[in-house]
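Q: I would like to learn how to read a model like this one, feature by feature. Where do we begin?

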Amino acid sequence: MWKIPLLEIRFISSKVSAQTSAVDTDVVAVYQDSTKKAATPGGQYAALVGRLRNNGFFTAAHGLAQYLRFGGKNTASDCMFVGLGQANDVSIEKIRAVGGHAWTKLKSNKSKSAAFDIDSLFSARGVPSHLAQIDLAVAFIEGLLFGAYEYQTHKTKQDDSHDSGPAKLILMTKNSGLRLQLEKEVPLIKAAAEALNITRDWSNEPSNYGTPEFFSAKAKKLASEYGLKCTILNERDAARQKMGLFLAVGQGAEREGRVVVLEYMPKGKIRSKKKTVALVGKGITFDSGGISIKPSLRMEEMKHDMTGAATVLGAILLAARLRVPNRVVAVMAFTENMPDGKAIQPGNVVKARSGKTVEIINTDAEGRLILADVLDYAHDFKPDAIIDVATLTGAVSVALGKYCCAVLGNDDSLIDAIRRVGNENGERIWQLPLYDDYFDDLKSDTADMKNSANDAHGGTIRGAIFLKQFIRKGMPWAHLDIAATSSNLGHIPYYPKRGASGAYVRTLAKLIADF
Ligand code: BES
Ligand code: MN
Ligand code: ZN
């Protein structure tokens, strides 16, 4: 796994000194003034920024980074100024983005160690007063650390020392109160980065390695590291549980499926008050479409079709590290969707764990089938709410593009809470309607319902209305369709350029923290 850079917090009482920090690069954030020119920050670089301002060399526009090479003996050899844009326009998410840019730039300039002048984030006039210093600082560090990820598992030349970005990051502040707050917050940011990176590693794993058995073994190991209870169901156990739909999807696969359950129980706190949140994840380790086979163009992306499961895994790990006061159950359904002599065929009728029958008219609408059974199973843990996460429909990218994921469900206050927490963490979530009328599109002549319709209208809603048939009366439930946001979110500077994003891990963990 990707190693998180060392973070030291230094308290600098007099002038910022690269010598004492022993780094190759000093990093200073610079705001724009109202004339859209670089505003001079305090500290030893004030005069230099002033010159860059006057000759127009560096405007401090948001996201812009300027590297200067000195090679001096008494300073760091390099300095990097990162632009924050206008002070009155700044937001937490903009700062997080700048942190991501800063990481990318440090890496491309082969920095091995950097010192960041935290106080430069508050150096300008006009920063909105509702933004607390600690929140700005945390956002910048989040951007740096979340941006520091590379998928290296299958590279034979593992290169920690050269192109991977700084292995050491020093945070400097003259403000002792802020330093105390940072000492508390930095371990939490590292925990988030670690959870994100595990989710990303899982999602990026090619399906010849990332089999259901592989993920269940990894989950078991992580469970013991994080103090979670782990239960693994193989296909025989699933059969005992009458998970007919889950087993039907895996029927054409050589590799056996697994249902993995992780449980986190808060310790010490007032137990009577705690709530239980069940997280449910789609874990199709490869989605060929089955007999309703997919076209070959970009089929390789279907190794990411287990990202729902990887996301709920990251969320429960982070929740455990944050010691959230609520109980969390994560149910992950891993199997492959393959065409074969034994594979399910369009028109087959299969009985779900809940007892309902489904006519499978399209074997490529497999995610909803496996989720139906594990959603039903999740009720056994007596949760106060169920949230499922799935790369369920290509239609979600038609509806919303890649700038947000979709949420649908039966409980508006749960949905509002998810959207609010998402917003606070720079993870956008948009609600789509879930009128019961949409179920008319799934009426079957043969069984209780079919798993798809014959045209492609309202595909994301149809997927969700199918899932809703397996949610029992009175159970608050929300469904996140992350098919468009699970990978390739390179437009967000602290997410990897390509491959798994890790989006929504933080939102889910933080939602559970104050559920
Ligand atoms: N795993 C896919 C959805 C998907 C598509 C994820 C593109 C990521 C990128 C899902 O199993 C699927 O195939 N859905 C079908 C549903 C249809 C057959 C009703 C789809 O979206 O075409
Ligand atoms: Mn599919
Ligand atoms: Zn799928």
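The dialogue below takes up the conventions, a sheet, a pair of metal sites and the nonpolar cores.

Q: What conventions apply to the numbering and the atoms?
A: This is a predicted model, in which local features need pLDDT of at least 70, side-chain atom pairs count only at pLDDT 80 or more, and totals for chains, interfaces and linings use all residues. Residues are numbered from 1 along each chain as its sequence is written, chains are lettered from A and ligands numbered from 1 in the order in which they are written, and side-chain values use heavy atoms, with hydrogens and water left out.

Q: In what order do the 6 strands of the open sheet run?
A: Strands of a sheet pair through backbone hydrogen bonds, either parallel or antiparallel. Strands (E, at least two residues) and helices (H or I, at least four) are DSSP runs numbered from the N terminus, and two strands pair if DSSP finds at least two bridges between them. Here the order is 1-6-5-2-4-3, with mixed pairing. Strand 1 (6-11) and strand 3 (65-69) are the edges; each has a single partner strand, so one side of each lacks a neighbour in the sheet. From one strand to the next the twist averages 25°; axes are lines fitted to C-alpha atoms, for helices over the stretch in contact, and angles run from 0 to 180 degrees between N-to-C directions.

Q: Which pairs show the parallel and the antiparallel sense?
A: Strand 2 (residues 25-32) and strand 5 (residues 113-117) are parallel, over 4 bridges; Asp26 has Ala115 of strand 5 as its bridge partner. Strand 3 and strand 4 are antiparallel, over 5 bridges, and Leu68 stands opposite Cys79 in strand 4.

Q: Is strand 3 mostly covered or uncovered?
A: Buried means under 20% relative accessible area, exposed over 50%, and partly exposed in between, with a 1.4 Å probe and protein chains only. Strand 3 is mostly covered, with 4 of its 5 residues buried.

Q: Which strands does helix 3 lie across, and which does helix 5?
A: Helix 3 (residues 92-108) lies across strands 2, 3, 4 (78-86), 5 and 6 (168-173), at about 155° to strand 4. Helix 5 (residues 176-204) lies across strand 1 and strand 6, at about 175° to strand 1.

Q: What coordinates the zinc ion (ligand 3)?
A: Donors are N, O and S atoms within 2.8 Å of the metal (3.2 Å for Na, K and Ca), and because water is not among the atoms, sites may look incomplete. The zinc ion (ligand 3) is held by Lys282 (NZ), Asp287 (OD), Asp305 (OD) and Glu366 (OE), at 2.0 to 2.4 Å. Along the chain these donors are spaced K-x4-D-x17-D-x60-E. Asp287 belongs to strand 9 (residues 276-287) and Asp305 to the loop between strand 9 and helix 9 (307-321), so the pair ties together parts 18 residues apart in sequence. Asp287 and Asp305 are both buried.

Q: Which protein donors does the manganese ion (ligand 2) have?
A: They are Asp287 (OD), Asp364 (O), Asp364 (OD) and Glu366 (OE), 2.1 to 2.2 Å from the ion. The donor residues follow the spacing D-x76-D-x1-E. Asp364 is partly exposed at 22% relative accessible area, whereas Glu366 is buried at 1%. The manganese ion (ligand 2) and the zinc ion (ligand 3) are 3.2 Å apart, and Asp287 coordinates both.

Q: Which geometry does each site have?
A: Four donors count as tetrahedral if all angles lie between 85 and 135 degrees; four count as square planar and six as octahedral if opposite donors are over 155 degrees apart and all others between 65 and 115; anything else is irregular. The zinc ion (ligand 3) has 6 donor atoms at angles of 78 to 174° and an octahedral site. For the manganese ion (ligand 2), with 6 donor atoms at angles of 71 to 168°, the site is irregular.

Q: What does Ile284 touch?
A: Contact means heavy atoms within 4.5 Å. Ile284 is in strand 9 and is buried at 0% relative accessibility. Leaving aside neighbours within four places in sequence, its contacts include Asp305 and Glu366.

Q: Which residues touch the most other members of the largest nonpolar core?
A: In soluble globular proteins, nonpolar side chains tend to be buried together. A nonpolar core is a set of buried Ala, Val, Leu, Ile, Met, Phe, Trp, Tyr and Cys residues joined through side-chain atoms within 4.5 Å. In the largest one, of 99 residues, they are Trp202 and Met332. Helix 5 gives the largest share of this core, 11 residues. Another core, of 52 residues, lies apart from it and includes Ile360 and Phe381.
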